[in-house]
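Work through the exercises below with the structure in view. Each task is followed by a solution in steps.

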Amino acid sequence: MLTPEPRTAVNRAALALTGLALAAGGVWTATGHAAFAARLPGWWPRPPAGDFLVQEGALAALRTRGWWTPAVLTVGVLATAFLAWCFLRQFPRRGRSRLALAAPGSVLRVEALERALAQRVSSVEGVDRCRVRIHGPRRKPCLRMRVLLAAGTPPGAVLDALHAVTAEARDVMAPCVLRTRVRLGHRTRRSRHVR
Amino acid sequence: MSAPAARRGTTTVADRVVRRIALRAASEALPGPGTGGVGGSATVHGRRAGIALRIAAPYPATLSDTARRVRGHVADRTGELTGLDVAPVRLSITRLAVPAALPAPAAASLAEAPGRARGGHGGRAPRRWWSARRAPVAVLSLLAAVCCAAVTADVMRVRATGAPAGVWRARSADWLFVHGPGDAQVTAGAVALAAAGLWLVLLALAPGRRRRLPLAAASPGWNAAVDRSTVAALLRDAVGDVPGIGAVRVRARRGRVVVTARLAFGDRAEAVRQAASAARRTLADCGLRRTPRLRVRVLPDSGWRPPPGAPAERRRPAPGPGPAEAGTETPARPGPGRGPAEAGTETPARPAPGPAEGGPETRARPAPGRGPADAATEETC
């Protein structure tokens, strides 16, 4: 039922794992402070007293190894590339511009359908503007409408017409299944009464 | 008499001839002259012709049917007229022609809309829309990428040129070598990190999209939500239209909507009744999946006077907000004829205005405390 946002699960899992790691590491490190350590039960894992965040001697020993610098470089380059890729993936790319139709050898320019639907929705009474985007995989594209209502129009007044437009779109795209998500808003606000 | 076929010469059909024929065939297959906008290209290799077409398809016909029909017709006609073998036509629909005469979409055309549900399927509408959490992941990954890139670049520079490590890296390393878990700075940083981690976990678990209210009208593969600010604007307009109501303030949250209206003139109880009913109607018109609790408050403006024909008991103990709400509501309202010492806040300690205190002005002023008429000043639904 819920039309899932792309990458919701991946992003949320990444956030949860990062958050748990940070929280665990932060709490563990913080318990090294005397004020906290005194109030904790005996079994609580606490960092060794008098230790440092990085052992200078251990790091110097590692640096003498031949493999250390190449390993740091490799991991650094790979991690940078992966993180940059993650960063770029967060920006909603324009979906693929062509959608394959059920008829062999035929494609639809997605923008054509977006424009036609926006035109249809804008002709509904009570709708001020409309923007339509089609995202998603080829088999199950997702239709997203951002509908700006004219002042004083309740959402309930246009829902039937929006249903009708999406039913049209479904017929147009048959047999491909089109999921729809409509976000209603308003554009202008009437000025306050002055009496 | 006649030479063998191989020696009689060959007939060559030029690309643009095939193209013209294919375009004409495509226009034949498309209904009406209004669609127009047919373009494309054709190539001939020996006895084989390849055709690629761009067409404007009629809306709202099923596109795959249109595509199938056009492809078949173009291949047949071109093959028939040129005698070439036509490879499968590649078709691209670049425009949808919406006829100007097409009636506006309306509820009438909805009878055959599949999967329509209003209210009856209320349980199937999602309780919330879920955010994809792009922004936090983008910020985190950018921060981490910048750190990784800086360290890697510095290590590379050191290795390539033999120069000493960057000052920032050396300083960071020095700081890490001498600070341990017991240190105050380290502890402060660790607490901050732990808080940030918990915040990230919260972001991962909470749905987000708090500013959208899902609508009850949903069906499989179809759902809608309205901006909270839109609901607030609708309520503001609806309550503002009630006679006598001046400025209106609406706080629309997901579970609770509070409408605070200022009464400029007219009977207060009547204004409350009308405002509450207008707000309730508007909220119902929105068709939200979960209708928030509604609370409507009407507070008299500074210049408000009770209507002359009003009953006496409604005139005197003019209902006012209780002390709990007074803190947020009343300081902005200077009472008429109120002394400077009283003007700031309205607390129970303030002497209640009695008949002995002054003329009709003070009698009209709202008094703290909730009398029997108090229930009329706000309605909770």
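**Exercise 1.** Find the bridge partner of Leu184(A) in β6(B), then describe how the strands pair.

Solution. Step 1: Leu184(A) is bridged to Val226(B) in β6(B). Step 2: the pairing joins strand β5 (residues 179–186) of chain A to strand β6 (residues 222–227) of chain B, in the parallel sense, over five bridges. Strands are DSSP runs (E, at least two residues), helices are runs of H or I of at least four, both numbered from the N terminus, and pairing requires at least two DSSP bridges.

The model is predicted: local features need pLDDT of at least 70, side-chain atom pairs need 80 or more, and totals for chains, interfaces and linings use all residues. Residues are numbered from 1 along each chain as written, chains are lettered from A and ligands numbered from 1 in written order, and side-chain values use heavy atoms, without hydrogens and water.

**Exercise 2.** State how many residues of each chain take part in the contact, and what area is buried.

Solution. Step 1: chain B gives 109 residues and chain A 102, with contact meaning heavy atoms within 4.5 Å. Step 2: about 8,700 Å² is buried between the chains, 65% of it from carbon and sulfur atoms; this is accessible area (1.4 Å probe) lost on putting the two parts together, summed over both.

**Exercise 3.** How many salt bridges link chain B and chain A?

Solution. Step 1: the count is two, each needing a side-chain nitrogen of Lys or Arg within 4 Å of a carboxyl oxygen of Asp or Glu. Step 2: a salt bridge joins Arg146(A) and Asp227(B) (3.2 Å, N to O).
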